[in-house]
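Visitor: I have not looked at this structure before. Could you take me through how its parts meet?

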Amino acid sequence: MPTSLHPQKVGVTIRNAVKRYGTFSALDDVSIDVAPGEFLSILGPSGSGKTTLLGLLGGFVQPTSGSIHLGDTDITHMPPHKRDIGIVFQNYALFPHMTVGENITFPLRARRMPKDQWPAKLNAALEMVELTGYADRAISALSGGQRQRVALARAMIFEPRLILMDEPLSALDKQLRETMQLELKQLHAKLGATIIYVTHDQREALTMSDRIAVMKNGRLVQVDSPKELHDRPCDSFVASFIGEAMLLPVTRNGAGLSLDGQALRSAHPLPAGNDLFLTVHSEKLAFAGPQTAPEANLLPGRVESCLYQGESVRIFVTLDGGQSVSLRLPSNHSGWQMMPEQGQPVTLALHPEDTIVVPKAA
Amino acid sequence: MSNASTPEERRERRMILLLLAPALIVVGLLLITPLVWMGWQSFRGPEGFTLAHYARFFTDTVYLSSFVQTFRIAFLVTIAAILIGYPIAYVAAKSQGIWPPIILGLVLLPFWTSVLVRAYAWLILLQRRGIVNTALTKAGVIDQPLILVNNEFGTVMATLHILLPFMVLPLYATMKKIPAELEMAGASLGGGGGLVFRSVFLPLSMPGVIAGSVLVFVLTLGFYITPELLGGGRTFLVSMLVSRNIEIYNEWGAASSISVVLLVMVFAIFRLASMIIPFERIMGTK
Ligand SMILES: Nc1ncnc2c1ncn2[C@@H]1O[C@H](COP(=O)(O)OP(=O)(O)OP(=O)(O)O)[C@@H](O)[C@H]1O
Ligand SMILES: [Mg+2]
């Protein structure tokens with residue numbers, strides 16, 4: 001029975017972290033608390049500072065100001081090799097001249113662990129990522145998915161207090177990526193380690209995380225659970241970044257709301273400000289019919305086009321006000337029964353609970 | 001293969017051959033012809049075909065000692081080039097901004113001066129009452145002037161100076177290709193600077209060390225001016241053996257046979273090295 005790996009859980013606290021390159025702020029006053037054992041995703045467009053934030057935690061980027069704590073330890077100025085943080089780099093950064101086994105045991109070598117204890121640890125790590133028997137393989141003889149798992153095993157064998165991953169799945173094809181997402185999630189459940197996971201794939205973040213931190217221009221815009229983030233985005237940037245959302249400008253109408261002169265009901269309090277957008281996710285829209293709730297907002301329009309996408313058909317509708325939205329019908333029998341013709345007038349229903357209004361992003 | 005090619009492909013191949021023709025003719029005339037002539041010479045005596053020139057390798061002890069000394073000096077120059085070139089290439093590869101071109105520019109600077117001038121410059125620096133000896137005597141480090149030229153030391157020194165770029169440039173190119181993430185990964189996994197250098201950077205830079213060593217070694221084997229000027233008759237290298245045979249004895253056959261043997265040895269060294277790293281990498285085309 002091989003020994004198993006038990007990383008200690010530890011929380012992370014980043015306080016007012018700033019990183020400037022000249023006058024450019026790659027990180028701008030970032031503060032966040034990550035709970036022990038949490039799976040936190042950092043989501044943001046290219047150049048938003050995700051890698052810089054990971055570099056800060058890993059010790060490769062020195063903050064201009066601010067502090068980082070791992071549990072109770074201040075690690076702001078600790079050199080990388082003393083931090084005990086496991087990192088899976090974007091391109092895995094496996095040592096090409098070492099075998100799988102030599103790669104994975106590198107942390108043990110660095111810690112001067114007696115050699116007789118290596119095999120048990122190595123086997124446990126290989127078993128964890130389902131690569132038993134691969135210890136003597138060359139890195140060049142591995143598939144992308146296998147390399148990813150070697151990188152993972154190497155980052156976990158020393159039972160780090162925190163594991164960072166920088167877009168670990170971005171190089172994989174869609175199918176393998178989805179398999180690895182599930183495996184990572186199971187691994188997280190099994191190990192209970194604190195994981196900070198960088199991605200710019202919003203679906204990946206929604207699938208895997210306990211919480212998601214959305215970044216833009218070096219700032220954290222919103223930190224929330226996937227469901228909150230998806231259903232209650234804090235502004236138009238988050239709303240447009242998450243899910244298949246369309247943003248329609250709306251105007252305040254007394255206490256209510258109007259879309260091109262048509263009054264809308266929302267079950268949620270309206271945000272402050274005058275630049276408001278209605279966030280319409282395609283899955284919240286439906287064709288109005290007998291089953292539509294009486295309080296639903298009804299939006300008349302005309303079918304622009306239908307786009308077959310395999311599991312579903314995306315239907316683009318131009319509302320009478322001229323704005324464009326889309327909704328989906330499953331590509332099953334009942335879906336095809338309901339499929340409208342191009343140019344056909346239709347009425348769409350949007351429930352007040354799903355009527356989300358966000359302010360324009362700063 | 002040629003059966004499967006389309007007329008367009010064949011026409012394209014003819015075009016490429018045509019475009020290459022001038023270069024091929026120049027290489028053929030200026031390189032291949034002399035080599036063939038040299039090979040032919042080496043088997044020619046007064047009475048036609050002979051192996052006498054090659055037989056001298058086994059009878060004339062000067063031949064053997066000259067080859068041994070040549071290889072020893074090439075070896076010393078190569079080792080010294082690694083020891084000096086590696087840190088230079090490392091600093092150039094790791095520095096930022098304007099520093100890499102400055103460092104590499106300084107390494108290449110001697111290329112713009114003729115080998116002859118540099119050899120005489122070393123002579124002035126290293127001779128009995130040269131700058132180095134004067135400075136050391138004044139500083140009280142030595143009582144007697146050191147013998148720095150007219151021996152192997154002077155030869156090694158000046159040859160090293162001229163060939164150092166052939167070590168630094170392949171090393172720099174190899175080091176630049178080592179992804180920085182590998183060292184970051186090493187550090188994140190708990191490796192201190194020493195361990196990461198020894199177990200990650202050094203092994204991955206070895207192709208550059210081998211490429212540079214092969215170039216420096218092979219070039220030293222055929223070096224002529226520095227051993228001639230700075231060896232002071234105490235170094236008698238293969239290149240000088242060739243020139244003496246022609247200048248003094250007018251023995252073209254003997255000179256050719258020595259050149260052929262040296263050429264075969266150089267090919268053998270390239271062949272051995274290419275078993276470790278591809279030939280294209282030694283020549284820096286990949
Ligand atoms: N060493 C540096 N010098 C100057 N600017 C830098 C440096 N490193 C990063 N930046 C800048 O900081 C910003 C954030 O970079 P970062 O790599 O963190 O982005 P990212 O969110 O990881 O993007 P991606 O999704 O493309 O990986 C970018 O605009 C980048 O150009
Ligand atoms: Mg990045």
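The questions below go through a predicted model, from the parts of each chain to the meeting of the chains.

Visitor: Which domains does the assignment give for chain A, and what distance separates their centres?

Guide: This is a predicted model. In chain A the assignment gives domain 1 as residues 12-229 and domain 2 as residues 232-359. Taken over C-alpha atoms, the centres of domain 1 of chain A and domain 2 of chain A are separated by 38 Å.

Visitor: How many residues of each domain of chain A take part in the contact?

Guide: Contact here means heavy atoms within 4.5 Å. Domain 2 of chain A gives nine residues and domain 1 of chain A gives 14 residues.

Visitor: Which residues of domain 1 of chain A lose the most area to domain 2 of chain A?

Guide: Between these two domains of chain A about 960 Å² is buried, with 71% from carbon and sulfur atoms. On the side of domain 1 of chain A, three residues together make up 40% of what is buried there. They are Gln202(A), Gln222(A) and Leu229(A).

Visitor: How many salt bridges and how many polar contacts link domain 1 and domain 2 of chain A?

Guide: For salt bridges, the count between domain 1 of chain A and domain 2 of chain A is zero. For polar contacts, with both residues at pLDDT 80 or more, the number of residue pairs is three.

Visitor: Which elements of domain 1 of chain A give two or more residues to that side?

Guide: By class, the side of domain 1 of chain A that touches domain 2 of chain A has three charged, four polar and seven nonpolar residues. The elements that give two or more residues to this side are helix 6 (202-208), strand 9 (211-216), strand 10 (219-224) and helix 7 (226-231) of chain A.

Visitor: What does UniProt list for residues 12-242 of chain A?

Guide: In this span, 35% is helix and 26% is strand, and the end C-alpha atoms lie 25 Å apart. The UniProt entry, which is unreviewed, lists residues 12-242 of chain A as "domain: ABC transporter".

Visitor: Which residues of domain 1 of chain B lose the most area to domain 2 of chain B?

Guide: Chain B is divided into domain 1 (1-42) and domain 2 (60-282), with C-alpha centres 34 Å apart. The area buried between them is about 480 Å², and carbon and sulfur atoms give 79% of that. Three residues together account for 75% of what the side of domain 1 of chain B buries: Met38(B), Gln41(B) and Ser42(B).

Visitor: How many residue pairs are in polar contact between the two domains of chain B?

Guide: The side of domain 1 of chain B that touches domain 2 of chain B has three nonpolar, three polar and no charged residues. Across this interface the rule finds zero salt bridges.

Visitor: What area do chain B and chain A bury between them?

Guide: The contact takes 21 residues from chain A and 16 residues from chain B. Carbon and sulfur atoms hold 73% of the buried area, which is about 1,600 Å².

Visitor: Which element gives the largest share of the side of chain B that touches chain A?

Guide: Two elements give two or more residues to this side, helix 8 (180-188) and helix 9 (193-221) of chain B. The largest share is seven residues, and it comes from helix 8 of chain B.

Terms used. Residues are numbered from 1 along each chain as its sequence is written. Chains are lettered from A and ligands numbered from 1 in the order in which they are written. This is a predicted model: local features need pLDDT of at least 70, side-chain atom pairs count only at pLDDT 80 or more; totals for chains, interfaces and linings use all residues. Side-chain values use heavy atoms; hydrogens and water are left out. Domain bounds come from an automatic or database domain assignment. Buried area is the accessible area (1.4 Å probe) that two parts lose on being put together, summed over both. A salt bridge is a side-chain nitrogen of Lys or Arg within 4 Å of a carboxyl oxygen of Asp or Glu. A polar contact is a pair of N or O atoms within 3.5 Å; within protein, one must be able to donate a hydrogen and the other to accept it, and residues adjacent in sequence count only if both atoms are side-chain atoms. Helices (H or I, at least four residues) and strands (E, at least two) are DSSP runs, numbered from the N terminus. Ala, Val, Leu, Ile, Met, Phe, Trp, Tyr, Cys and Pro count as nonpolar, Asp, Glu, Lys and Arg as charged, and the others, Gly among them, as polar. UniProt positions are given in the numbering used here, feature names are shortened, and annotations may be inferred rather than shown by experiment.
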